[in-house]
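Thanks for coming. I will take a few minutes to walk through one structure, starting where its parts meet. Please have a look at it first.

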Amino acid sequence: MKLLASKTSPYARKVRVLLAEKQLAFEFVEESAWNAGTTVPRYNPLNKVPVLVTDDGTCLFDSSVIAEYLDPLGAPSFIPPAGIERALVRRDEALGNGIADAGIAIFLEKKREASRQDPAWIARQRDKVEAGIEALARELGGKAYLRGDTITLGDVACACALLWLEFRLPEIAWRPRHAELERWIARLEARPSFAKTRPAA
Ligand SMILES: N[C@@H](CCC(=O)N[C@@H](CS)C(=O)NCC(=O)O)C(=O)O
């Protein structure tokens, strides 16, 4: 299988962490939907990465669908099999994805010429990021991982979102405000899967 992804995307990092944790072989095709001449629309009509192309040529997007496909392909599992446990892990993942969505909306708006930026839009997205970080901190509490002693997809998604914020929007300095998140993310960043997927500038 091959993964079309940029090295900076938090959604792609989530998938790359899973691939590494499960030691699944894949070809990494570095692509960005923003590049002139990008090939991404051939694989995803929405022109977004990541896209996973399976060995029979099936294109899977978005990152949550890719995670769903990858999870049973190798141990350990990052998504519980059923019930409220599964729903809560998917909700944790949605929280991470949502923090990333709002952060990226801010990042893109700030790339526009200053006179064309909409401060109300930036403030609205910033509220989502901040509320998301607060909810994450509350959910984690004093636990090692969001769902207890075992890492799940929710931890991966939320950590990729917070580390992306630190990379692209360092002014959203969550560390000094959240020692518990800092301890949790240090635990995750110590894993080889996180170490080898650090966003490159
Ligand atoms: N919900 C999607 C989001 C993917 C996404 O927004 N990827 C960004 C890169 S971080 C992208 O390719 N954006 C291109 C665009 O929006 O045109 C997922 O989880 O895969």
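Predicted model: local features only at pLDDT ≥ 70, side-chain atom pairs only at ≥ 80, totals over all residues.

Across the interface of domain 1 and domain 2, nine residue pairs are in polar contact, both residues at pLDDT 80 or more. A polar contact here is a pair of N or O atoms within 3.5 Å; within protein, one must be able to donate a hydrogen and the other to accept it, and residues adjacent in sequence count only if both atoms are side-chain atoms.

Which elements give two or more residues to the side of domain 1 that touches domain 2? They are α1 (10-21) and α3 (63-70). Of these, α1 gives the most, with seven residues. Helices (H or I, at least four residues) and strands (E, at least two) are DSSP runs, numbered from the N terminus. By class, that side of domain 1 has six nonpolar, three polar and four charged residues. Ala, Val, Leu, Ile, Met, Phe, Trp, Tyr, Cys and Pro count as nonpolar, Asp, Glu, Lys and Arg as charged, and the others, Gly among them, as polar.

Residues are numbered from 1 along each chain as its sequence is written, and side-chain values use heavy atoms, with hydrogens and water left out.

Now the domains themselves. Domain 1 covers 2-73 and domain 2 covers 83-191, with bounds from an automatic or database domain assignment. Their C-alpha centres lie 21 Å apart. In contact (heavy atoms within 4.5 Å) are 13 residues of domain 1 and 18 residues of domain 2.

How much area is buried between domain 1 and domain 2? About 1,300 Å², with carbon and sulfur atoms giving 59% of it. Buried area means the accessible area (1.4 Å probe) that two parts lose on being put together, summed over both. Pro-10, Tyr-11 and Lys-14 supply 40% of the area that domain 1 buries against domain 2, more than any other three residues.

Next, charges. The structure holds 18 salt bridges, each a side-chain nitrogen of Lys or Arg within 4 Å of a carboxyl oxygen of Asp or Glu. Four salt bridges are found across the interface of domain 1 and domain 2. Arg-90 pairs in this way with Glu-68, their closest N and O atoms being 2.3 Å apart. Arg-90 also forms a salt bridge with Glu-93, at 2.9 Å from N to O. Glu-93 and Arg-90 are three residues apart in helix α4, so about one helical turn separates them.

Last, some backbone details. Most residues other than glycine have a negative phi, and most peptide bonds are trans. The bond from Phe-61 to Asp-62 is cis, with omega near 0°, and Asp-62 lies in the loop between β4 (59-60) and α3. Another cis bond runs from Ala-75 to Pro-76, with omega near -5°; Pro-76 is in the loop between α3 and α4. Gln-23 has a positive phi, near 50°, and lies in the loop between α1 and β2 (27-30).
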